[in-house]
Amino acid sequence: MTFPIDLVRTQFPSLLTTDAGQARIYFDNAAGTQVPQQTIDHVVDYFQRYNSNTGVFNPTSVAVDAMYAEATQAMADFLGTPDAGEVLIGASMTTLTYHLSRSLAHQFSPGDEIIITRMEHEGNVSPWLQMAEDNDLTVKWLEFDRDSWVVEPPMLEALLTDRTKLLALNYASNLTGGVNDVKTLTAMAHAAGAQVYVDAVQYASHRLIDVKDLECDFLACSPYKFYGPHLGVVYGRRERLDALHPYKLRCATDELPLRFSTGTPAFELVAGLMGTLSYFQWLATQLGEQGTRRAQFSAAYHAMGTHEDVLLEQLLSGLLAIPGVTLKGSSSMEKRVATVSFVHDRHTPSTIAAQLSAKGLYCHWGDNYAFELARALELDPEQGVVRLGLGHYNTSEEVSTALDLITHTLAQ
Ligand SMILES: Cc1ncc(COP(=O)(O)O)c(C=O)c1O
């Protein structure tokens, strides 16, 4: 079935917004996606109908509790676990990761080792570096292969010892788009006795996650990268979460998932997240999938990913044909998602990005917080790359226009 791109675009009101009459091409999705009307409606509905705190008998409070329970269950279905207690919702991936790193540190002793890949966004680096510093742990860096742009299993094998306690592992790089074989790498880390903390923030924008298939211990994502509000979500295996020392108020609940929730959650955004998940179900219905919620997420993501891959192929081949452009990521369609970074031999990334943004092509530049990766690639520390991140509401016409704008900009 052809992807209903026109119908999809009608669901996203911001796609029609212009800058003084100039249309916007949103290719900045790797930094944050636009939201569908369902997300907006759910936020508005929350404020109009049941804005309240939790845990009392007021009908509004009862409605908030029900909504929170429903949203965590829907997120559990989205991540591939039947257990909503394994779904922690917080302010951002970075906030949750810092929070959990403080708890995890109780399980480690001085001299224990943690492994961090060079592909990480700083959100999956700094919390662990600071944990290591505070607790005299040894940090080992896991390189990626410069041809495949991912971590190859032998590279991890060489670092694992009986003192390895944690592997911080990127699912998809927010700079190169490279996708790691998380399942294989997780099994290797487990065999050595280490826990695995997966950063799936970029991956979740493009492919459906299955935490039970991956068998990881923790996995973080950020709804604002998959057409939702500014929140972070972490899946944690129940036995791992139960074993953690919680940093919580004495009188706050010890029940999962709220055991790790510090303060009052942003209920309006959780309602918005429910709207986003409903949007995926709506899309699945358009595609003829009427099955379980998980089956609908799967159908929606399959169609979204297939549509994006067509655009990605068009973008990659177009960029490779422009004189002076060097991709920082794989030029093949294997083991990658639709996040594309490049540099040019004459123009700096900031100059290119400024000119493209002025022409309505929304993009990003810099190291994009993939700080170690940018250093490993010897990118100009002040400049990094130009990054284009595609989403499922982008079109082939937008890619053609973007390539024309880039060609024209770089020819100057
Ligand atoms: C791969 C990756 N990890 C982590 C983060 C940080 O997420 P948050 O803003 O939710 O802390 C980002 C944000 O760009 C990201 O791309």
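Helix α4 and helix α5 are roughly parallel to each other, because angles under 35 degrees count as roughly parallel, and their axes lie 9 Å apart at an angle of about 25°. This is a predicted model, in which local features need pLDDT of at least 70 and side-chain atom pairs count only at pLDDT 80 or more, while totals for chains, interfaces and linings use all residues. Residues are numbered from 1 along each chain as its sequence is written.

The crossing of α4 and α5 is right-handed, a term used if the near helix is turned clockwise from the far one by less than a right angle. T97, Y98 and S101 of α4 meet P127, W128 and M131 of α5, where contact requires C-beta atoms, placed from the backbone, within 7 Å. By class, this contact has four nonpolar, two polar and no charged residues.

α3 passes α11 in a left-handed crossing, that is, with the near helix turned anticlockwise from the far one by less than a right angle. On the α3 side the contact is made by V64, M67, Y68, E70, A71, A74 and F78, and on the α11 side by F267, V270, A271, L273, M274 and L277. The classes here are 12 nonpolar, no polar and one charged.

| Helix pair | Residues | Angle | Axis distance |
|---|---|---|---|
| α4 and α5 | 93-104 and 126-135 | about 25° | 9 Å |
| α3 and α11 | 59-79 and 267-286 | roughly 45° | within 9 Å |

At the level of the whole chain, there is a division into domain 1 (5-30 + 293-411) and domain 2 (42-276), with bounds from an automatic or database domain assignment. Their centres, taken over C-alpha atoms, are separated by 26 Å. Domain 1 brings 29 residues to the contact and domain 2 brings 26 residues. On the side of domain 1 that touches domain 2, α12 (293-320), β12 (339-344), α14 (371-376) and β15 (385-389) each supply at least two residues, and α12 gives the most, with seven residues. That side of domain 1 has 12 nonpolar, nine polar and eight charged residues.

The ligand is surrounded by S92, M93, T94, H121, G123, N124, N174, D199, V201, Q202, S222 and G232, counted by a C-beta atom, placed from the backbone, within 6 Å of the molecule. This shell divides into two nonpolar, nine polar and one charged.

Key:
Nonpolar A, V, L, I, M, F, W, Y, C, P; charged D, E, K, R; others polar. Contact = placed C-beta atoms within 7 Å. Helix = DSSP H or I, 4+ residues; strand = E, 2+ residues; numbered from the N terminus. Axes fitted to C-alpha atoms, helices over the stretch in contact; angles between N-to-C directions. Parallel < 35°, antiparallel > 145°, perpendicular 65-115°, else oblique.
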